[in-house]
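Here is a short briefing on one residue and on the cavities of a protein model. Keep the structure open as you read.

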Amino acid sequence: MIEQVKRVAAFCAGEAGGNPAGVWTGAVLPPEAVMQTVAAEVGYSETVFAARDGESWRVRYFSPESEVPFCGHATIALGAVLALEHGAGTFPLQTNHARVTVEGKAAGGAISASLVSPPATGAAAPQAIVDEALALFGYTRADLDERIPPALANGGAGHLILPLKTRAALAAMRYELDAGRVLMRREGWATIALVHAESPRRFHARNPFASGGVYEDPATGAAAAALAGYLREIGWPERDIDIVQGEDMGVPCHLHAQALPGRGAAVRVSGLARLIGEDA
């Protein structure tokens, strides 16, 4: 069954970088245990499984260690595959918890995709939780950007957002995987989103994904949706933001997030994609 998995890099920086995802499509979703085994064998931070269900596609997402409720880069990868197999279009998706869409198109050798997330919300995080997360990375409150309060945010999956004052602090991110796994699973976070606002429109991000057994994700569409939705809630001056991620891993990734109008509304997250080989 693993032979059916296509490998796609999502949120590429031109022809380079991108976060690899596995994409499996078929008539009926395999049993949960089989999907988990395949995701572990593929070894990417996520593999998405999709089966046609009437006019939409039923989708589930698995990391090497667990199922996740929503994954942005795997959804972009799926949009690329569906566009290649069925032509350009907008594809309705049903996750375990929400209905979303992904639009995919391929033209002139370039593949692009754009998802519309579940409702995106965010609120200030409790001080005790923030302090525990800062200690995990060896940061203090002096490292935080006072313009953006730390937040618990959700754009299909839960994230703690920690905005850092400097790019250097972001580059210095280190933590113990086991300790991060305990904290993230206890709190129900998919990732912790460490972000730095270079300008109101341009952000740099890193996303520890210990809850899924992955030290760091090079591009995280669900966290991008959560961030953009939260920024909208606090009145940030830009509704459209560009996110640069993966640079500190040597895997450059570019994401664009557009917070749609309305409190708690969805976020559109877009990027480029490319097919990759099994050894990538």
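Contact means that heavy atoms lie within 4.5 Å. The model is predicted.

- Val-68 sits in strand β5, which covers residues 67-68.
- Val-68 has a relative accessible area of 8%. It counts as buried because the cut-off is under 20%.
- Setting aside neighbours within four places in sequence, Val-68 touches Glu-46, Tyr-61 and Phe-209.
- Glu-46 is 22 residues away from Val-68 along the chain, and their C-alpha atoms are 8.5 Å apart.

**The largest cavity**
- The model has two cavities of 30 Å³ or more.
- The largest has a volume of about 80 Å³.
- Its lining has 16 residues, and those closest to the centre are Glu-46, Phe-70, Cys-71, Thr-220 and Ala-222.
- Helices α2 (72-86) and α6 (221-233) are the elements that each give two or more residues to this lining.
- By class, the lining holds eight nonpolar, six polar and two charged residues.

**The second largest cavity**
- The second largest cavity has a volume of about 40 Å³.
- Among the residues that line it are Ala-193, Asn-207, Thr-220, Leu-227 and Gln-245.
- At least two lining residues come from each of β12 (191-197), β13 (202-209), α6 and β15 (240-245).
- The most come from α6, with three residues.
- Seven of the lining residues are nonpolar and three are polar, while none is charged.

Key: Residues numbered from 1 in each chain as written. Predicted model: local features only at pLDDT ≥ 70, side-chain atom pairs only at ≥ 80, totals over all residues. Heavy atoms only, no water. Helix = DSSP H or I, 4+ residues; strand = E, 2+ residues; numbered from the N terminus. Buried < 20%, exposed > 50% of the residue type's maximum accessible area, 1.4 Å probe, protein only. 1 Å grid on protein atoms, 1.4 Å probe; cavity = no way out; pocket = protein on both sides within 12 Å on 5 of 7 lines; lining within 4 Å. Points joined across faces, edges and corners; volume = space filled by probe spheres on them. Nonpolar A, V, L, I, M, F, W, Y, C, P; charged D, E, K, R; others polar.
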